Amino acid sequence: MKCYCVVNFREPLQMLDMAKPTPEGSEILISVSAAGVCHSDIHLWEGGYDLGNGRTLSIKDRGVRLPLTPGHETVGVAEACGPDATGVQLGHKYLVYPWIGCGSCPACNSGAENHCSAPRCLGIHRPGGYAEYMIVPDAKYLIDIGDLDPSQIAPYACSGLTTYSALKKIGADIYQDHPIVIMGAGGLGLMCLQLLSALGGAGAVMVDIDPAKREAALKAGALAAIDGAAPDATQQIIKALGGSPAYAAIDLVGAPATTSTAFDCLIKGGKLILIGLFGGASQWPLALIPMKAASIIGSYVGNLQELRELIALVKTGKVAPIPITTFPMDEADSTLSLLRQGGITGRAVLVR
């Protein structure tokens, strides 16, 4: 089979011919239909995360080995099963939950495999969806999508799940009564906005430095779209909220400038959900955190139950689709490069 792999960090993805895997035990072999291209794939391609102050977190130190087949937003057709696999219908289309843990630690035993300290995530620690075929370790990680469009559904495994989990951390009692702030109007931001609407939210003020993405946010129903680089961005955001600071903000970028602006927008007792992995070091005056009684919550993707809840919500038809641009699988490298350059509005998906 053909795989599109990171062979060396910061070098073009290479097409490698590998043996088509045979499922063993409880494994399932899926034929990949669609694979989302995510900003996290850029960090994998780069080989690490910027921790600020000249420090970098190397993904080699987190168990990632090359060559790596990326792709953690995957929809495919179940083609074959290992002898111990149950609950799978061959020929059906499934969305794959990729955030797989060790299976035996307290986090995994509690259903929070995404918090496992010895992860085995697909597309990060194990081969992912930038390929013709992929092995899924157990049927429990497959969610039947019926007749839904694979290219529209694939991003829910990361961008959808990540934003859905963040909204749950805010709580319906907040987001249904008060508009929130969303830092970043790219694929995650537009996804978050649509999920917020489907969940009965009071709306969101979107913040982005890219005019095209701000325009996309307004077309998608944002209450306002603010240029985060404006000197008075915080004042503009609060004005767009109706004159009162935000009860909650979600930072989908995770850069010093965005986290600082999001924090400054919070009301006393407000919540900041930090998702983005752009990197750098925080610039908050520490005394303001207790004085503001702020909750700063890191949120890493979401758990399997949350993804099942999310797809159930999508199947109701309440979630409006976000812009999706599809590319052939053999354009994986150029698509990832285009995403690095900021050339994608919405989400990019590789299809076969």
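This is a predicted model: local features need pLDDT of at least 70, side-chain atom pairs count only at pLDDT 80 or more; totals for chains, interfaces and linings use all residues.

Student: OK, where does Val-301 sit?

Tutor: Val-301 lies in the loop between strand S15 (295-298) and helix H11 (304-315). Its phi is positive, about 45°, although Val-301 is not a glycine.

Student: Is Val-301 buried or exposed?

Tutor: Val-301 has a relative accessible area of 5%, so it is buried. Buried means under 20% relative accessible area, exposed over 50%, and partly exposed in between, with a 1.4 Å probe and protein chains only.

Student: And what's up with phi at Arg-10?

Tutor: Arg-10 is not a glycine either, yet its phi is positive at about 65°. You'll find Arg-10 in the loop between strand S1 (2-5) and strand S2 (14-17). Arg-10 is exposed, at a relative accessible area of 53%.

Student: Switching to peptide bonds: which residues does the cis one join?

Tutor: Leu-66 and Pro-67, with omega about -5°. Pro-67 belongs to the loop between strand S5 (55-58) and strand S6 (73-81).

Student: Now helices. At what angle do H1 and H12 pack?

Tutor: About 105°, with the axes of helix H1 (residues 39-46) and helix H12 (residues 332-340) 10 Å apart. Axes here are lines fitted to C-alpha atoms, for helices over the stretch in contact, and angles run from 0 to 180 degrees between N-to-C directions. H1 and H12 are therefore roughly perpendicular to each other; that label covers 65 to 115 degrees.

Student: Which residues of H1 and H12 meet?

Tutor: His-39, Asp-41, Ile-42 and Trp-45 in H1 meet Leu-336, Leu-339 and Arg-340 in H12. Contact means heavy atoms within 4.5 Å.

Student: How about H4 and H11, how do their axes cross?

Tutor: At roughly 100°, with the axes of helix H4 (residues 159-170) and H11 coming within 10 Å. On the H4 side the contact is made by Gly-160, Leu-161, Tyr-164, Ser-165 and Lys-168, and on the H11 side by Glu-306, Leu-307, Glu-309 and Leu-310.

Conventions. Residues are numbered from 1 along each chain as its sequence is written. Side-chain values use heavy atoms; hydrogens and water are left out. Helices (H or I, at least four residues) and strands (E, at least two) are DSSP runs, numbered from the N terminus. Angles under 35 degrees count as roughly parallel, over 145 as roughly antiparallel, 65 to 115 as roughly perpendicular and the rest as oblique.
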